[in-house]
Amino acid sequence: MSRTVTVILVDAAGRSIGALPPFDVPDPWWQQVDPVVDGARLRHGVEVAVLRLLDADRPAPPGGHVRYLAQVADAGAVPLEPVVVDLAPHPLRLPWAEAGGPEDSVAWATDELRRLGRPVTAVTQQRTWNLSAIWRLDTPLGPAWLKQLPPFARHEPAVLHWLLSTPEAGGRVEVLAVGGEGRVLVGHVPGEDRYGAGESERMAIAAGHHAVQVRAVGEVDRLVAVGVPDLRGAGLGRWIRERLAGHDVTAAGRLLDGLDDRLARVRDCGLPDTLVHGDLHPGNVRGDESRRVVIDWADAFVGHPAFDILRLTEDLAPAAADRLVATWADRWRADAPGSDPRRAVDLLRPVAPLRLAAVYAMFLAGIEPSEHPYHVHDVPAALARAAAAA
């Protein structure tokens with residue numbers, strides 16, 4: 001699968017100057033813009049910075065025909081097609097989606113790296129959507145990464161700083177600088193994202209993550225104080241209901257009606273609250289089979305540790321998932337004597353997709369309408385999964 005893109009150009013003042021002829025890119029995922037930038041350069045000889053998604057001919061990614069808004073310094077002699085596009089401001093537009101936004105962010109990161117003795121030799125825009133904007137900055141000492149976060153994810157640098165002070169974390173993401181408007185500059189993590197990791201590798205991921213969570217048990221108040229969302233106990237139920245207000249929750253109505261009682265029974269299982277990654281799938285682990293670093297802590301919160309083992313095992317065959325959960329439960333029984341981790345997992349199994357539905361609803365409430373196709377179908381899908389698991 002690929003996608004066809006139309007890039008509509010604006011100048012530094014944000015005025016539309018026309019559209020490049022459509023072209024195909026091999027990567028179907030709308031938020032991956034490095035092939036869009038490369039295509040504009042190779043096919044039309046222009047350097048662009050993609051600002052945001054405008055629209056698509058499909059209701060959700062991937063693939064299809066997608067239109068982006070991009071800023072260009074000089075369109076040269078490229079023949080541009082006339083186009084009508086709505087460029088009205090929106091109160092939820094993110095800083096990197098405005099004309100001048102990417103330039104300002106890269107300039108900040110370049111200055112920070114220069115101060116660190118790492119002059120930038122090349123910049124590559126990798127991704128832009130409502131959850132983050134990411135650039136790779138090459139230096140003589142190796143690459144660094146600029147990530148810019150929306151308001152609802154700006155606790156990630158605080159989590160990364162805490163992890164740097166936590167020996168149990170093993171491999172960690174180096175935080176080079178933190179700036180305004182959600183900017184964080186981090187060091188390079190060698191290896192590959194561990195998509196497709198099998199049972200044995202996930203077992204190792206779970207073991208390393210357990211050590212971090214045990215250490216975090218005594219640090220939860222400190223983490224909440226620096227901005228990590230507090231979803232402990234009954235607070236999780238309130239948080240879920242608040243974010244799902246206005247959505248059709250009929251599919252999971254019975255689950256929601258009994259949610260407070262279910263969460264009370266979870267508390268009776270005796271596991272402590274800790275730092276939860278929030279999206280612990282293998283793609284958010286980077287490295288190789290011998291060294292791994294958990295990345296992308298933007299969904300982190302303080303709450304029940306079972307949410308992470310449920311996420312780590314959700315796409316495994318039932319027997320393999322059960323083995324991982326059993327080993328996870330053995331660790332927690334050893335570290336929390338008298339607890340019942342298996343019962344906690346069973347009780348939280350339908351709550352995990354219910355929480356995700358609330359997360360997606362939070363995204364939708366915090367982003368401009370043109371970005372809604374990324375998530376609008378996720379809320380009902382997650383509610384359906386929650387109802388089925390209940």
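Start by selecting α4 and α10: α4 passes α10 in a right-handed crossing, where right-handed means that the near helix is turned clockwise from the far one by less than a right angle, and left-handed means anticlockwise. Before going on, know that this is a predicted model, in which local features need pLDDT of at least 70, side-chain atom pairs count only at pLDDT 80 or more, and totals for chains, interfaces and linings use all residues. Residues are numbered from 1 along each chain as its sequence is written, and side-chain values use heavy atoms, with hydrogens and water left out.

Stay with the two helices. Helix α10 covers residues 318–335, and its axis comes within 10 Å of the axis of α4, crossing at roughly 25 degrees. The names come from DSSP runs numbered from the N terminus: helices are H or I with at least four residues, strands are E with at least two. The axes are lines fitted to C-alpha atoms, for helices over the stretch in contact, with angles from 0 to 180 degrees between N-to-C directions. α4 and α10 are therefore roughly parallel to each other (angles under 35 degrees count as that).

Next, select A206, H209, H210, Q213, L280, D308, I309, L312 and W328, which line the second largest cavity. α4 (199–216) and α9 (306–313) are the elements that each give two or more residues to this lining, and α4 gives the most, with four. The space inside the second largest cavity is about 60 Å³. A cavity is a set of points on a 1 Å grid over the protein atoms alone where a 1.4 Å probe fits but cannot get out, and lining residues have an atom within 4 Å of a point. Points are joined across faces, edges and corners, and the volume is the space filled by probe spheres set on them.

Now colour α9 by itself. Seven of its eight residues are buried, so α9 is largely enclosed by the rest of the structure. Buried means under 20% relative accessible area, exposed over 50%, and partly exposed in between (1.4 Å probe, protein chains only). Among the buried ones are F307, D308 and I309.

Two loops to finish. Where does P62 sit? P62 is in the loop between β4 (48–56) and β5 (64–72), and a cis peptide bond joins P61 and P62, with omega about 5 degrees. Then jump to E181, in the loop between β9 (175–178) and β10 (183–187). Phi of E181 is near 55 degrees, a positive value in a residue other than glycine.

Conventions. 1 Å grid on protein atoms, 1.4 Å probe; cavity = no way out; pocket = protein on both sides within 12 Å on 5 of 7 lines; lining within 4 Å. Parallel < 35°, antiparallel > 145°, perpendicular 65-115°, else oblique.
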